[in-house]
Amino acid sequence: MTIHPKIRTVLSFLSRLLGFQTGQVQPEEETAEREQFAPAAAAPEDKPVLQLRSDHPLNKLWELRRSQTRERLPPPELRMESPKLKLLTPKEAKRELSRLQSAITSSANQRWKLAQPPKKKRGEEEEEPVAVPVLDAQVTVITTSGQMTAWVLIYPPVGDGAELSVEMLRAALEGSGVTFGLDEKLIERLPQDPKRYFRLYLVAQGRLAVNGKDGSVVDLFPRQPEQKLDMDEFGQMDYTQLNLIQNVEEGGVICRIIPPTLGVPGYTVQSKELSAKDGRPATPPAGRNTEVTEDGTAVIATKTGDVKFNGRAFTVRQVMEIDGNVDYAVGSINYVGDVHVHGDVLSGFSIQAMGDITVDGVVEACTIEAGGDLVVAKGIAGSDQAIIRAHGKIFAKYLESCCVYVRSGLQTDCIMNCDVYSDSTVNVRSGRGAIIGGAIRAAEEVDAGSIGTQSELPTRITLGGLPCEEFEREVLVKELAELEETIEKTERQPDSSVKLSQLSKMRMKVLVNKKKLEEVDKDLELLRSELDERNSKGRLVCDIAHRGTEVTIGNSTLRLNREIRPCHAKLIDGEVSFF
């Protein structure tokens, strides 16, 4: 059968347009080529790859390009991936695929319509050849939501249209308003890239706004100095090493103030500025006897003394240095700062300080009260008259025949015939590590090497509650009873100016003590539920507990009738149990 030349021309165009030859079987080579460069198979679900149906306009344009050029054209590849991509996570890129599909479908539809040969009007001769459209390469710019990245998809020319050029790329980007963060190397290279068509390229990235860093404080003195003693190979501790005083000279730097940094604004690919916050300045922790330097970069001491952190700010407390003993040459001490005694504290004298107290020697039968911690390097020999109080911790070589009240814990080598009240723990592990006689009351734990003696010297261990608070209440109740009794006796005396003065002072003291008692009762009431929990958690740990030792936890008491080693005791089902 002979085919008219004009009809053959039309069939040839249609074969190039649709990718097959009408009425003929495709050669094996062409079939193999079609399979090799067919659209890619479905990508893994976790990849930001856009999959299009085979009849999508983009795939039709790809087939048209192949039929026109007869070249080995790679299939379309729409991946929102790039080694340079920084502002789009894989999850965010996957969320952008629907936006990408909409943009590509719209542009591909328009391109496909333009690539179709014009339809013949009625009356035109059928023998006229079909005109092939001529279209230059087309650059489609796609920006992600937020305009932080811009991508280009390039359609190849149709017919004798112009191939992609740098000018085309720049014109398309400028027309889409993409002017910031352009990949200039890609723009210059892309026109020569053999795979430039039907692929996504990351052409521009914005810049995220960077908020400024807040100012900070760099401490040159620890806010909570470590109070830890190292034990030597003989089990001994050197209490002179525990120096609680952190000396600073006048003008010395206590901490550095790091200024904040300014925020760096960001930009979208369309040059829209993204605002950034400046860092906030740090609050200088300047307290009593300190000040901030004029340039605001440091906190310095205005006096020589001991650096302390009170929870909000650094303060400098002046230190009273006693080169020798506290005796008749010095007298009793009452000081608002820290006290450092380089000798002993002799019997009959007292030291009261709002800060820490350090004694390098021995404390005899005297009264000591520290608002902070107390360190006695050579121990306390109280002769049943010494009263020792500390609102912080107590570290002492030994304690003998004294009454001790401590809020935050006690550590010593030996306790002999003492009354100890601790709202925290009692640790007697170093040195001799023995508790001999007396009564130990601790809110949380007693940890010792040995407790009691083989001669069954009465030694009492009480755990739980708040021993200091409870003892203070007992003392207040006793003082009130004694004052009221004294007032009754004084009122029966003959009237005189002395009597009136005494009654006035005693009644004032009664009012003060009652007020104190109300505050203590209020605090104990608030801690009632906590006290029950403390009682159940109190425990005793020792290597050996001798007969005659009495252990009380909460409301349960047990007296040992045999030696126990090792000894672990706690409250189980309301009873003191050893295990």
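In which loop does Asn417 lie? Asn417 is in the loop between strand E24 (414-416) and strand E25 (419-422). Strands here, at least two residues, and helices, H or I and at least four residues, are DSSP runs numbered from the N terminus.

Before going on, the provenance. This is a predicted model, in which local features need pLDDT of at least 70 and side-chain atom pairs count only at pLDDT 80 or more, while totals for chains, interfaces and linings use all residues. Residues are numbered from 1 along each chain as its sequence is written, and side-chain values use heavy atoms, with hydrogens and water left out.

Most residues other than glycine have a negative phi, and most peptide bonds are trans. Asn417 has a positive phi, near 55°, and at 42% relative accessibility it counts as partly exposed. Asn289, also not a glycine, has a positive phi of about 65°. Asn289 sits in the loop between strand E8 (273-274) and strand E9 (290-292), and at 16% relative accessibility it counts as buried. The cut-offs are under 20% relative accessible area for buried, over 50% for exposed, and partly exposed in between, with a 1.4 Å probe and protein chains only.

The peptide bond between Arg565 and Pro566 is cis, with omega about -15°. Pro566 belongs to the loop between strand E33 (556-559) and strand E34 (567-572).

Next, the helix. H5 covers residues 97-115, 19 residues, and reaches 26 Å from first C-alpha to last, close to the expected 27 Å; the expected span is 1.5 Å times one less than the number of residues. Its buried residues include Leu97, Leu100, Ile104 and Trp112. Seen down the axis of H5, the buried residues fall within an arc of 140°, so they line one face of the helix. That arc is taken from the directions from the helix axis to the C-beta atoms. On the other side of H5, Ser98, Gln110 and Lys113 are exposed.

What does H5 lie across? H5 lies across E1, E2 and E3, at about 160° to E1. Contact means heavy atoms within 4.5 Å; axes are lines fitted to C-alpha atoms, for helices over the stretch in contact, and angles run from 0 to 180 degrees between N-to-C directions.

Those three strands form an open antiparallel sheet in the order E1-E2-E3. Two strands pair if DSSP finds at least two bridges between them. E2 (residues 149-155) and E3 pair over five bridges, and Val152 stands opposite Tyr201 in E3.
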